[in-house]
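Good morning, colleagues. Please take a moment with the sequence and the structure before I turn to selected side chains.

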Amino acid sequence: MGFRDILGRELLFFDGATGTMLQALGLQPGELPELWNFTHADKVQSVHEAYLDSGSNIIKSNTFGANRLKFKDMDITVDEVVAAALKIGRAACSGREKAFVALNLGPTGKLLAPYGDLPFEEAVDIYGEVVRSGARHGADLVLIETMSDTYEIKAALLAAKENSDLPVIVTLTFDEDGKLLTGADVLSAVAMVEGLGADAVGFNCGLGPKQMRRLLPQLLEACSLPIVLNPNAGLPVQRDGKTVFDVGPEEFARMMQEMIPLGISVAGGCCGTTPAHIRALIEKCRGLQPGGRRACELTVVSSYGKAVVIGGDPVLIGERINPTGKPRLKQAILDGDLDYICRLGLEQLENDAHILDVNVGVPGIDEAAAAAKTVLALQAVTSAPLQIDTSDYATMERALRLYNGKPLLNSVSGKEEALAQVLPLAKKYGAVVVGLALDDAGIPATASGRLAVAEKILARAAEYGIEKRNIIIDPLALTISTGPDNAAVDLEVIRALSAQKVKTIMGVSNISFGLPLRDAVNSIFLALAMEAGLSCAIINPQSRAMLDTYYAYRALKGLDAGCKAYVRRFADAGAQVPAAKVSEYTLHDAIVKGLQEQSRLAVTKLLETEKPLDIINTQMIPALDFVGTGFEKKELFLPQLLMSADAAKAAFDVIRDRMADGGAAAKGEAVVLATVKGDIHDIGKNIVKVLLENYGYNVIDLGKDVAIEAVVAATLEHKAHVVGLSALMTTTVGAMEATIRALRDVCDCRIVVGGAVLTQEYADSIGADHYALNAVSAVGYVNEVLAK
């Protein structure tokens with residue numbers, strides 16, 4: 001019986017913390033656990049067997065960090081590491097019933113472009129290499145775990161699906177507020193994971209069972225997949241010089257016993273959970289029924305940090321990134337002027353669009369390449385979901401593949417060619433797809449004809465495994481200037497589909513084509529369409545008439561509690577929606593929005609009248625402080641933080657080029673940063689580096705897997721008053737403590753520490769001066785220390 005055969009039908013149990021157990025057996029701080037597959041294979045196997053003897057069904061292979069980034073400087077291949085790990089795992093499972101080896105894939109330790117330096121396709125290739133090896137050497141399933149970046153999750157999931165037919169489980173690492181490192185909430189991340197074809201999804205690491213319990217209802221509501229829960233044994237603390245976790249086996253088992261009946265299908269543990277924890281868990285929970293799959297009617301499109309639920313409250317889709325009838329945009333697309341396109345998108349979002357339509361179809365260009373660049377550029381400056389709008393299949397594939405989230409794809413028609421080409425793409429990349437009510441015979445003149453096309457699209461989508469909730473039908477508004485019944489036909493189609501619980505979408509302004517004063521017709525038609533049940537309206541959000549209608553409709557329908565949104569909009573009787581133009585931004589606003597070209601233009605203009613240091617102090621530093629405060633309040637997230645830092649750097653570069661000495665803009669104080677020995681995960685450190693450089697510090701970045709002696713030597717050489725140390729894994733925090741002791745022996749510097757496994761209590765126990773929960777906290781501490 002294979003893993004897929006019993007997933008969701010029987011309650012299954014993962015193992016616990018391999019790293020915790022290997023440390024107990026002698027794994028040293030900073031030592032690579034994967035090398036024990038060669039040097040201590042018997043001990044690795046004994047850990048697997050201890051969990052299996054406790055009742056576990058699934059053991060995680062000792063391959064969490066087995067990728068070519070970690071082993072590139074070693075005389076060893078990824079295939080050799082994976083082969084050794086799976087040989088050990090298979091031996092441990094030998095002779096046992098319902099015992100499975102999961103190929104364990106952890107983060108690469110890199111942040112993907114455009115926020116980091118790892119290209120998306122390279123990340124797919126890195127994971128693909130591991131998956132091919134795992135499939136070849138006998139893995140039963142793939143476990144993608146401890147993930148905190150939706151883009152890396154997508155890369156790993158695509159790699160798993162494209163390089164094997166193994167079942168795939170994805171477990172994500174949220175903070176206590178239910179946010180990933182890059183800003184995704186539970187709904188946006190899980191919608192993407194389910195769309196991309198995972199077999200199960202859940203939480204692991206970062207939190208104990210108590211903290212995960214608070215997030216579990218969101219997970220259960222977000223998708224229909226079997227749910228996995230692998231919490232830590234509480235939070236780490238330091239006792240008698242050792243890292244321990246504060247939830248014992250019985251307490252762990254009791255809390256898990258309370259959660260499993262809520263809908264869990266697979267339960268286990270992460271950091272700190274020993275065979276005793278797993279044994280207690282299984283003794284209490286064996287015989288409980290798994291949650292299995294659940295019905296989920298949510299239609300969700302998402303970005304890396306925001307989900308939009310379609311259905312109920314009408315959704316507005318900004319139509320202006322479409323070159324039809326827009327010569328300035330057409331030229332920007334031809335010129336590759338992404339700055340203009342991004343500003344066009346931001347203008348629409350500032351006027352309450354929920355989703356941005358993106359169409360770059362201009363004759364004479366490589367549309368697929370242009371769409372890829374545009375999607376990446378827009379996702380670099382906004383977390384709003386995008387609607388990929390094209391009739392070119394190559395463009396669809398490229399844009400869908402690079403999109404960070406669960407996209408909205410516009411569109412597929414009832415034409416046989418379109419159905420055969422588009423539906424497989426929508427299925428592979430998990431898109432919500434717009435179905436056009438036209439077929440090989442054209443657009444039917446009657447409502448019944450268009451409904452028949454809609455039924456055909458829904459039926460064909462079902463053949464590809466695409467659920468009805470992931471199809472949105474466009475009845476196609478035809479101008480009333482050529483047919484007096486055109487509006488009535490559209491409204492009849494919308495009403496009929498709404499009765500069938502099928503979502504609808506429409507380009508509203510098409511109804512008035514060829515008429516004067518089009519907003520008068522458009523706004524009334526929008527109201528009629530929303531009343532008929534229209535789910536999504538593609539409009540110009542900078543049309544006052546359209547937005548007025550939208551807010552008035554929501555208030556009248558009881559969708560605006562207390563009419564709060566209506567009052568906010570119209571509290572100033574003279575309020576005006578800006579005209580449909582693209583604004584120039586101040587330096588402060590350009591930095592906040594992450595617009596590099598606008599930052600260069602704004603600072604260049606300011607330098608004509610103002611002194612460089614005045615610009616830095618009155619515009620740039622306040623902008624960075626504003627973004628930092630937003631990040632700490634969780635109003636802005638990591639991508640916005642990094643893009644703002646890049647925009648500030650662009651402005652700094654202009655200032656430095658204008659200054660004779662080239663250095664007056666810098667504070668000059670040295671800050672040493674390092675990811676400690678044995679740890680290759682440098683995302684957090686790199687974020688701190690970018691921010692510190694934009695505040696003008698001389699950052700000495702020692703990189704990752706840095707020896708204690710190298711940290712000490714650099715601190716002394718540069719006379720650094722502050723040292724920042726980072727670690728992601730429980731197996732490397734010991735190296736952090738040893739580094740702190742070595743620094744204390746030779747200098748009087750301040751030490752700030754950060755990483756997913758750390759807490760304030762743990763940081764205090766190892767002698768750090770400051771625990772940075774995030775990059776902004778680290779920078780704030782450096783500013784405070786060096787100001788003195």
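This is a predicted model: local features need pLDDT of at least 70, side-chain atom pairs count only at pLDDT 80 or more; totals for chains, interfaces and linings use all residues.

Is Tyr115 buried or exposed, and at what relative accessibility? Tyr115 counts as buried because its relative accessibility is 13%, below the 20% limit for that class.

Let me continue with the aromatic rings. The count of aromatic pairs comes to six. In one of them, the ring centres of Tyr115 and Tyr304 are 5.9 Å apart and the planes stand at 65 degrees, so the pair is edge-to-face. Tyr115 belongs to the loop between strand S3 (100–105) and helix H7 (120–136), while Tyr304 belongs to the loop between S11 and strand S12 (307–310); the pair therefore ties together parts that are 189 residues apart in sequence. Tyr304 is also counted as buried, because its relative accessibility is 1%.

A second example is the aromatic pair of Phe174 and Phe203, likewise edge-to-face, with 5.4 Å from centre to centre and 75 degrees between the planes. This pair links distant parts of the chain, 29 residues apart: Phe174 is in the loop between strand S5 (168–172) and helix H9 (186–195), and Phe203 is in strand S6 (residues 200–204). Both Phe174 and Phe203 are buried.

I turn now to two arginines. Arg328 lies over the face of Tyr340, at 4.0 Å from the ring centre. Arg294 is placed in the loop between helix H12 (275–285) and strand S11 (299–302).

Next, the cysteines. A disulfide is a covalent bond between the sulfur atoms of two cysteines. How many disulfides does the structure hold? The number is zero. For Cys93, the closest cysteine sulfur is that of Cys270, 19 Å away, which is too far for a bond. Cys93 is buried, with a relative accessible area of 5%. For Cys536, the closest cysteine sulfur is in Cys296, at 16 Å, again too far for a bond. Cys536 counts as buried at 0% relative accessibility.

Ile538 is part of strand S20 (residues 536–539), and it is buried, with a relative accessible area of 10%. Its C-alpha atom is separated by 5.8 Å from that of Glu319, although these residues are 219 residues apart along the chain. Setting aside residues up to four places away in sequence, Ile538 touches Ile317, Glu319, Gln387, Asn410, Ile505, Met506, Gly507 and Val508.

Gln238, in turn, is part of strand S8 (residues 236–239). Gln238 is buried, its relative accessible area being 15%. Where does Gln238 find its contacts, once residues up to four places away in sequence are not counted? Gln238 touches Thr243, Glu737, Tyr762, Ser765 and Ile766.

Thank you for your attention.

Definitions and conventions
Residues are numbered from 1 along each chain as its sequence is written. Side-chain values use heavy atoms; hydrogens and water are left out. Helices (H or I, at least four residues) and strands (E, at least two) are DSSP runs, numbered from the N terminus. Rings of Phe, Tyr and Trp (its six-membered ring) pair if their centres lie within 6.5 Å; planes under 30 degrees apart count as stacked, over 60 as edge-to-face and the rest as tilted. Buried means under 20% relative accessible area, exposed over 50%, partly exposed in between (1.4 Å probe, protein chains only). A charge sits over a ring if NZ of Lys or CZ of Arg is within 6 Å of the ring centre and within 35 degrees of the ring normal. Contact means heavy atoms within 4.5 Å. A disulfide is a pair of cysteine sulfur atoms within 2.5 Å.
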